[in-house]
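Hi,

Here is the structure I promised to pass on. Have a look at it first, then read my notes below.

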Amino acid sequence: MLFLKPHYLPVASLSPKSIFFQKPFFPTFSLSCFSTVATRSCCSDQGQFLDPIIFSYGPSLHKGTNPSQFPANKNTGQDEDDDGILDEESFTRVFDISALRVPSKDCFSLESTLRGHLLNWPRIRNIARVPGDEVDPELVELLGHQNMSCNGDDDSEEGRRVSLERRIYGKAEGDGEILSPVLYRDKLAKTFNSRGFVKFRNLAKISRPKKKKKKKREDENVEGSKRIQKNDFAAVDVIEDEEEQSEGLKNLLGEEFTKKRWRGSTRLLLLDERYAGKGVEELPEAIKAVLKAYAEKSTNLTFELVRCKLTLFYDYWQMNEILEALLPDGMIVPSSFEVVGHIAHLNLRDEHLPYKKLIGKVVLDKNKPKIQTVVNKIDSIDNEYRTMQLEVLAGNHSLVTTVVENGIRFQVDLSTVYWNSRLATERQRLMSGFRRHDVVCDVFSGVGPIAISAAKIVKRVFANDLNPYAVEYLERNSVLNKLERKIEVFNMDGRRFIKAVYASDKAHSVTQVVMNLPNNAAEYLDAFRGIYKDRPKDGEFTFPTIHVYGFSKAQDPEFEFHERIRIALLEVAVNIKMRRVRLVAPGKWMLCASFILPETVAFADTAIDA
Ligand SMILES: C[S@@+](CC[C@H](N)C(=O)[O-])C[C@H]1O[C@@H](n2cnc3c(N)ncnc32)[C@H](O)[C@@H]1O
């Protein structure tokens, strides 16, 4: 359904005439095209963006006309303090198209019959509406005969006589039982039911308490700004007068056509852009055949071929279309970003940095309301807590957000803790190996995506992180998911944590250990050396399965990671299951190695001192 801008067609009238006789099409626009677009498209004298080769079909910012007063130049990116100011009106494009005005009750069947000849543009419905196209059936009944008998010739002497008779006697000769509007209203008024409104809807409306007016949007108050309502991304405006077109249809469908004018509700069927500005005779045979068939079938249906302008606003265009228009030719358009709760997290290249605010605004505009904040990563992650340096490009500045992953809610503050949504699948895979009787030890738990997910499945979880903020959120998230009873939280160095757990009576219960600090978790494995060396040999021991993550840039990543693990454990042969998790950068793999802690390591004499 197209949303129509009321100021385009202010007269909501029963007669299509008032719609036809509009201002001349495309008055004097100040037309413009992007300065650098010239290499790809050209601008005609009429300000029409043309390039039959590249942009031959479908909506494009390089087609149509731009009624904006101000040319939308490609951004030079020199003004870094422009605060992402973007002239949305420069993205308005007006397209000249044709449409068939058809009775509303037939519009869906006609749409499916003519589908191959309709506009079929993304997000634009082929059936469009204009103000005044809906007519109350009672009023049609009331006025239909008047229109039919007068046949648009109200000024004739006969017409005046009939009208006078109606006013005096309530009906004219040949009216049958039809009453005058006054008598008809009177009759309807007498048919009220207990709620008051049986047939006379307009009266019902008048009597209803007024709805509170919607709060005006801020931008509606800005002088000179276009009043584009929410979701108002396109408008259809009928611009053609009917004479020329009805002449064509009269030839096609016969003389009767003009006499039996449809006075009920109508809709516009937007025709394929190829038929813009064409006369009826030039329409394809398929359309003509349908028109003829309908004309023969029905005695009082009328079709009109009308010329329209279809206006697409800034809100219509996709993110990549806007960015492509804004950024210099040849520059790769940032097309993807990570989403963490309400935050869109970009990873802009250096070449994008002069345009970062504009990019941020477009990303925000095109992904609202889900996205409320757009950030860019400033530095690579190289601090101890694995947090990111982020710069807010657009939207609100709060980096505290809530992420829902596999049905579990996590609160995170991206400025103080680590979070990576891309590991969701890996976490799920890890969970699939956990059982009810398991006890999990999460050595580098962060805010708890593994620890809390595991707590839903297993008996008990010991979760640890060095970052006090991460621990705070871990505790908060345990409570948020009602799992605090199953999770014990620690805030210490990973090596010390392993030692502490195995020095306590928790040791024999731990069945799974997760070590997700890919940069250097493997090096923490030495903490397992000698964990049982001081225990009586005939005691009960549990040898946990250890899942350790790591990066590798080697040609044979599995081999290299295996070597690192063996070196840390000081063990010659370890039976390791290795899998590639994901490619984090070109040539850099994240791997997960899983193995059962070898007895020789747990009882080793050469333990390290934490
Ligand atoms: C890559 S993050 C993983 C967090 C969590 N497992 C996840 O998937 O989101 C690594 C975590 O280890 C923590 N960390 C870094 N060095 C540590 C250490 N020496 N001891 C304990 N935790 C550490 C960081 O604060 C960070 O939260």
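Below is what turned up, starting with how to read the model.

This is a predicted model, where local features need pLDDT of at least 70, side-chain atom pairs count only at pLDDT 80 or more, and totals for chains, interfaces and linings use all residues. Residues are numbered from 1 along each chain as its sequence is written.

The protein chain splits into domain 1 (319–398) and domain 2 (417–602), with bounds from an automatic or database domain assignment. Their centres, taken over C-alpha atoms, sit 33 Å apart. Seven residues of domain 1 are in contact with eight of domain 2 (contact means C-beta atoms, placed from the backbone, within 7 Å).

Now the ligand: which residues come nearest? Of the 20 around it, they are Phe444, Gly446, Leu466, Asn467 and Gly494 (a residue counts as near if its C-beta atom, placed from the backbone, lies within 6 Å).

Strands here are DSSP runs of E, at least two residues, numbered from the N terminus, and two of them pair if DSSP finds at least two bridges between them. Strand 10 (residues 343–346) and strand 11 (residues 373–377) pair in the parallel sense over four bridges, and Leu346 stands opposite Asn376 in strand 11.

Cheers

Key. Two residues are in contact if their C-beta atoms, placed from the backbone, lie within 7 Å.
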